[in-house]
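I opened a new page for this chain. Below are my notes, in the order I looked things up.

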Amino acid sequence: YYLHFPSRFGFAGFGWASYGEPERYAHTRTSDGSAADFDRQVLAVKRLFELGLIKHWALSNENAYGLTMFCLACDRLGVPRPVCVQNDMSLNNRVYEGDIAEAARQFDVVGLPYGALGGGVLTGKYLDATLQSDAGRPIEVSRMRSQPGFQPRYAAPLALAATSDYIALAAKYGLKPLELALAWARDRWYNFGVVIGMTSAAQLVDCVNAFKLEPLPAALNDEIDAIHEQYRNPSVAYANKDLVLKAPWLERSARGGSAVHDEV
């Protein structure tokens, strides 16, 4: 049983990697984030256990503060701790490592991330249609083309630039970009599984085959980290989402000779 996103943020919490402006959540939050509020939620979960309706529960889209407060409330109120946390995490969004990973480790809560393919962007198909799992499927029906206003963070210009580098890196090691992205997420010490999404049997087969790969070699992981150090979580915003989706600095870089990817 998942609590899908923190009530102290509401739906406005998606896509942010910073608590720098708490007022941004004011119009969607339904709680104040106090200890009493965490107790109220944990007691509601306790009732579900008492009724025999659930065997386990979990959190989603949480941060270190929320996970810590939930676990402390559980210990105080005699409720099982959440077993896992389902956060947005991928090669283009490694915020989990710098925020919640340590708390999860200390409270024995494992990661079960979603978004490991960045809404399909990390398959590389929006930069090279031949990379999609479904040969001949019109790229226009894929999410980022058919629903460009849904989760646009995954296809932000800087995320596409990083993806281009990951495509080249995957090819260097004889992998599909999809395989690189999923195998990397699978291999993270804090993850015990990876949530995948697909719209066809061909996509499912490619995802399953990615999980069958041997652990990625250290040299490859070093090169992944080098790309990460260059682009730093390009699928999330720290201060201005609109600016992230426009990325005017890429145009300036392009004039200096760097590659630029403006749209999917």
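**Record entry.** I began with the annotation. UniProt, in an unreviewed entry, places the feature "domain: NADP-dependent oxidoreductase" at residues 38–228. I keep in mind that UniProt positions are given in the numbering used here, feature names are shortened, and annotations may be inferred rather than shown by experiment. Over residues 38–228 I read 48% helix and 4% strand. The end C-alpha atoms of that stretch are 34 Å apart. Helices (H or I, at least four residues) and strands (E, at least two) are DSSP runs, numbered from the N terminus.

**Ground rules.** The model is predicted: local features need pLDDT of at least 70, side-chain atom pairs count only at pLDDT 80 or more, and totals for chains, interfaces and linings use all residues. Residues are numbered from 1 along each chain as its sequence is written, and side-chain values use heavy atoms, with hydrogens and water left out.

**Domains.** I checked the domain assignment next. The chain is given domain 1 (1–82) and domain 2 (118–254). Such bounds come from an automatic or database domain assignment. How far apart do the C-alpha centres of domain 1 and domain 2 lie? I noted 29 Å between them. Six residues from domain 1 and seven residues from domain 2 take part in the contact. Contact means heavy atoms within 4.5 Å.

**Sheet.** I traced an open sheet of four strands, in the order S1-S2-S3-S4, with parallel pairing. Its edge strands are S1 (2–3) and S4 (110–111), each pairing on one side only. Two strands pair if DSSP finds at least two bridges between them. S2 (residues 58–60) and S3 (residues 84–86) pair in the parallel sense over two bridges. I looked up Ser-60 and found Gln-86 of S3 as its bridge partner.

**Asn-61.** I moved on to the loop between S2 and helix H2 (64–77), where Asn-61 is found. Asn-61 is not a glycine, yet its phi is positive, about 55°. Asn-61 counts as buried because its relative accessibility is 15%. My cut-offs are under 20% relative accessible area for buried, over 50% for exposed and partly exposed in between (1.4 Å probe, protein chains only).

**Arg-232.** I found another positive phi in a residue other than glycine at Arg-232, near 50°. Arg-232 is in the loop between helix H9 (218–231) and helix H10 (241–246).

**Asp-39.** I placed Asp-39 in helix H1 (residues 35–50). Buried or exposed? Asp-39 counts as buried, at 19% relative accessibility. Its side chain makes a polar contact of 2.3 Å with the side chain of Arg-76. A polar contact is a pair of N or O atoms within 3.5 Å; within protein, one must be able to donate a hydrogen and the other to accept it, and residues adjacent in sequence count only if both atoms are side-chain atoms. Leaving out residues up to four places away in sequence, Asp-39 touches Ala-73, Arg-76 and Leu-77.

**Arg-94.** I found Arg-94 in the loop between S3 and helix H3 (95–99). Arg-94 is buried, with a relative accessible area of 9%. Which side chains does it reach? A polar contact of 3.0 Å joins Arg-94 to the side chain of Asp-225. Not counting residues up to four places away in sequence, Arg-94 touches Trp-184, Ile-224, Asp-225, His-228 and Asn-233.

**Cysteines.** How many disulfides does the structure hold? I counted zero, taking a disulfide as a pair of cysteine sulfur atoms within 2.5 Å. Cys-207 is in no disulfide either; its nearest cysteine sulfur, that of Cys-84, is 19 Å away. Cys-84 is buried at 9% relative accessibility, and Cys-207 is buried at 1% relative accessible area.

**Phe-192.** I ended in the loop between helix H7 (177–187) and helix H8 (201–211), where Phe-192 is found. Phe-192 is exposed, because its relative accessible area is 67%. Phe-192 touches Val-110 and Gly-111, not counting residues up to four places away in sequence. Phe-192 and Val-109 are 83 residues apart in sequence and 9.7 Å apart in space, C-alpha to C-alpha.
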